[in-house]
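Colleague: I would like to go through the labels on this model. Please give the cut-off behind each one.

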Amino acid sequence: MNPSRHNGHSAGPASPALPSPTAEEQLHHDKLMQRLREELAAAGGAMAFDRFMELALYAPGLGYYVAGTRKLGEHGDFITAPELGSLFARCLARPCRSLLAGLGGGDILEAGAGSGVLAADLLLELESLGQLPERYLILELGAELRARQNETITRRAPHLSGRVHWLDDLPVNFRGMVLANEVLDAMPVTRFKVTPNGVNELYVAWENQGLVWQERPAGASLRERVEPLGLAPGYTSEINLRAEAWVRRVADSLEQGAMLLIDYGFPRAEFYHPQRVQGTLMCHYRHQAHDDPLRLAGLQDITAHVDFSAIAEAGIDAGLTLLGYTSQAAFLLGGGLEQIMAASDPDDVRAHLALTQQVKKLTLPHEMGELFKVLALGRGVREPLPGFTLQDRRARL
């Protein structure tokens with residue numbers, strides 16, 4: 001199996017046999033399960049799925065993203081684009097340079113910076129392009145990830161580490177570029193199911209010594225979002241209300257600049273395609289993908305595709321302008337990938353081959369090239385961002 005986080009994100013068959021947790025992992029899982037059972041009891045026996053997903057991923061000291069285990073890379077559960085090599089960051093540097101130059105300076109804010117490798121490589125490339133940000137801000141909640149990011153940046157770009165600062169919340173009156181690579185997909189989603197009698201919201205309950213699904217009639221606000229989609233009875237999927245709210249919060253903090261949102265997903269018509277009847281929710285554990293989020297709570301990644309139409313609408317409703325929407329392949333090709341490849345020395349076989357492998361992973365349709373999309377929203381940005389064509393800037397979502 002291709003060990004990438006995007007692999008297998010459409011609805012799949014019954015969950016496969018997964019590797020057994022280690023004794024340490026089992027203890028961690030048991031602690032989180034106790035936390036879940038306590039909250040389930042306090043809530044009357046069931047909690048909405050978005051709350052379950054929030055606890056499974058972010059419960060202090062216990063959630064998947066905030067506990068002290070390694071998630072990224074060969075020995076983790078998935079690999080993201082920056083982990084493949086520096087090419088992704090070098091291409092992202094072009095729109096960052098253009099924006100910062102147009103603003104006469106400014107900062108970069110990266111949300112959810114993973115291992116810190118994107119921050120380090122992006123700073124190094126912007127230095128070579130003569131357009132360093134005044135500050136490189138990282139919005140990261142997990143202490144373990146903050147420490148790992150600091151170690152990575154200090155090791156790879158020690159002379160630039162003084163520009164890096166960590167935040168607990170979004171800044172006020174931000175000017176510059178906001179980057180969110182594979183951030184929205186990990187935000188807790190609301191799950192729903194269409195029935196002959198209307199729309200139900202999916203909850204998680206405890207029954208027969210295990211977690212089970214439970215359906216309850218959806219509230220008015222959820223029905224108002226789902227019913228216009230015209231989905232057939234039995235259709236199960238997600239709405240990421242929290243991602244939409246986060247984009248609105250970023251818009252409120254953005255005085256002038258842009259945000260680049262890079263993730264796997266579709267516009268609304270494809271997201272709720274008739275054949276996608278089980279939604280897009282997927283889990284990853286030790287590079288194996290499956291579709292049961294109620295297993296291995298606290299030990300596995302839980303994600304859902306992004307409805308880019310909803311995200312764009314949230315930004316536009318908050319006063320931002322659509323600056324572009326396209327596939328990752330098209331964005332990287334328009335952002336200098338070809339020039340970077342042309343400058344590579346084919347006689348340096350090892351380096352050139354590594355670069356070629358990155359290009360394939362990042363751009364081929366059956367890899368990350370088409371499933372991953374790039375959405376840009378901005379305020380007070382006059383010049384087009386590298387990576388987007390005129391058609392991309394007029395995209396209809």
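**Labels and their cut-offs**

Modeller: The charged end of Arg216 sits over the ring of Tyr203, 4.7 Å from its centre. This is a predicted model; local features need pLDDT of at least 70, side-chain atom pairs count only at pLDDT 80 or more, and totals for chains, interfaces and linings use all residues. Residues are numbered from 1 along each chain as its sequence is written, and side-chain values use heavy atoms, with hydrogens and water left out.

Colleague: What makes a charge sit "over" a ring?

Modeller: NZ of Lys or CZ of Arg must be within 6 Å of the ring centre and within 35 degrees of the ring normal. Arg276 also has its charged end over a ring, that of Phe266, 4.2 Å from the centre.

Colleague: Why is the pair of Phe49 and Trp213 called tilted?

Modeller: Rings of Phe, Tyr and Trp (its six-membered ring) pair if their centres lie within 6.5 Å; planes under 30 degrees apart are stacked, over 60 edge-to-face, the rest tilted. The centres of Phe49 and Trp213 are 5.4 Å apart and the planes are at 35°, so this pair is tilted. Phe49 lies in helix α2 and Trp213 in strand β8, 164 residues apart. Helices (H or I, at least four residues) and strands (E, at least two) are DSSP runs, numbered from the N terminus. Phe49, Phe52 and Trp213 form one aromatic cluster.

Colleague: Are Phe49 and Trp213 buried, exposed or partly exposed?

Modeller: Buried means under 20% relative accessible area, exposed over 50%, partly exposed in between (1.4 Å probe, protein chains only). Phe49 has 1%, so it is buried. Trp213 has 35%, so it is partly exposed.

Colleague: How do you know that α9 is largely enclosed by the rest of the structure?

Modeller: Seven of its ten residues are buried, so the label holds. Among them are Phe308, Ile311 and Gly315. Phe308 also pairs with Tyr325, at 5.5 Å centre to centre and 50° between the planes, a tilted pair. Tyr325 lies in strand β15, so the pair ties together parts that are 17 residues apart in sequence.

Colleague: What makes β2 and β3 a strand pair?

Modeller: Two strands pair if DSSP finds at least two bridges between them. Four bridges join β2 to β3, and the strands run parallel. Ile108 stands opposite Tyr136. On the other strand partner, four bridges join β3 to β4, again parallel, with Trp166 as the bridge partner of Ile138.
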